[in-house]
Amino acid sequence: MTAPAESPAQHQPQDPHPHPRPHRFRSVRRVPAALTALVILAVACLFLYDLAAVRAHRPGMRWRRELARQLELRTPADTAVLIAGGVLALAGVVLLVLAIAPGLRGILTMRAPEGAGPGVRAGLGRKAAALVLRDRAMEVSGVRSARVKVGRHRAKVRATSHFRELDDVRADLDEVLAVAVEELGLARPVPARVRVRRGKE
């Protein structure tokens, strides 16, 4: 009687620290947060001072009495009320977008290094990635100059050639840049979109 054969998967060691899918880097946004906090603090202090003055049997501030009078006279259909409401709604949308959007669009997320802990993250600047791709493009025979712009989803490459057939140069660029993009180690590789034209003599 023989023991059942064990599958190869049972002998493979499991990673004790599985790497989750890397997320984009988030901007701290200290300046918008500081400005919002200062505005809220100033308004709160103003109301607190007026409340303390009323509690001390002193007349309330003139702006609050005027605001109360305007609220009694105006209706939601008035133009001034609609404009103020629109401005406040727009400010709320801007703050909401700033709170939800990751920001730091200039940094591309890279794959986690082998053997790195779960808290280790890596990023590559778009300008640095564009410089690497440009250097690789310039190594292709027939390429006279190249301009590379790296976005979130793709890299745009514009090259000029002074000899060789344009189709041959484009094919070599596609092959070289596909390898270069893979070597960047990005979590979400940016495929290169290549355009080649004949350079002016």
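Me: Where does Pro76 lie?
Reply: Pro76 sits in the loop between α3 and α4 (79-100). Helices are DSSP runs of H or I with at least four residues, strands are runs of E with at least two, and both are numbered from the N terminus. A word on the source. This is a predicted model: local features need pLDDT of at least 70, side-chain atom pairs count only at pLDDT 80 or more, and totals for chains, interfaces and linings use all residues. Residues are numbered from 1 along each chain as its sequence is written, and side-chain values use heavy atoms, with hydrogens and water left out.

Me: Is Pro76 buried or exposed?
Reply: Start with the cut-offs. Buried means under 20% relative accessible area, exposed means over 50%, and partly exposed is in between (1.4 Å probe, protein chains only). Pro76 has a relative accessible area of 67%, so it is exposed.

Me: Which residues is Pro76 in contact with, leaving aside its neighbours within four places in sequence?
Reply: Contact means heavy atoms within 4.5 Å. For Pro76, the partners are Val81 and Leu82.

Me: How much of the chain is buried?
Reply: Buried residues are 19% of the 201 in the chain. The accessible surface is about 15300 Å². Carbon and sulfur atoms hold 62% of that surface. The areas come from the Shrake-Rupley method with a 1.4 Å probe, and for residues only the protein chains shown count as cover.

Me: How do I read a helix pair such as α5 and α6?
Reply: Two packed helices are described by the angle between their axes and the distance between the axes. Axes are lines fitted to C-alpha atoms, for helices over the stretch in contact; angles run from 0 to 180 degrees between N-to-C directions. Here α5 (residues 126-138) packs on α6 (residues 166-183) at about 145°, with the axes 10 Å apart.

Me: Which residues make the contact?
Reply: From α5 come Leu133, Arg136 and Ala137. From α6 come Leu173, Val176, Leu177, Ala180, Val181 and Glu183. By class, seven are nonpolar, none polar and two charged.

Me: Where is Ser161, and is it buried or exposed?
Reply: Ser161 belongs to strand β4 (residues 155-161). Its relative accessibility is 0%, so Ser161 counts as buried.

Me: What does the side chain of Ser161 reach?
Reply: A polar contact is a pair of N or O atoms within 3.5 Å; within protein, one must be able to donate a hydrogen and the other to accept it, and residues adjacent in sequence count only if both atoms are side-chain atoms. The Ser161 side chain reaches the backbone oxygen of Gly142 at 2.8 Å. The backbone oxygen of Phe163 lies 2.6 Å from a polar atom of that side chain. Leaving aside neighbours within four places in sequence, the contacts of Ser161 include Arg144, Leu166, Val169 and Val196.

Me: What should I make of the phi of His57?
Reply: Most residues other than glycine have a negative phi. His57 has a positive phi of about 60° and is not a glycine. His57 is in the loop between α2 (30-55) and α3 (62-73), and is exposed at 76% relative accessible area. Arg164 also has a positive phi, near 75°. The place of Arg164 is the loop between β4 and α6. Arg164 is partly exposed, at 29% relative accessibility.

Me: How far apart are Met110 and Arg188 in sequence and in space?
Reply: They are 78 residues apart in sequence and 7.7 Å apart in space, C-alpha to C-alpha. Met110 is in the loop between β1 (107-109) and β2 (123-125). With a relative accessible area of 21%, Met110 is partly exposed.

Me: And which values hold for Lys127 and Val150?
Reply: The pair is 23 residues apart in sequence and 7.3 Å apart in space, C-alpha to C-alpha. Lys127 is in helix α5. At 77% relative accessible area, Lys127 is exposed.

Methods:
Ala, Val, Leu, Ile, Met, Phe, Trp, Tyr, Cys and Pro count as nonpolar, Asp, Glu, Lys and Arg as charged, and the others, Gly among them, as polar.
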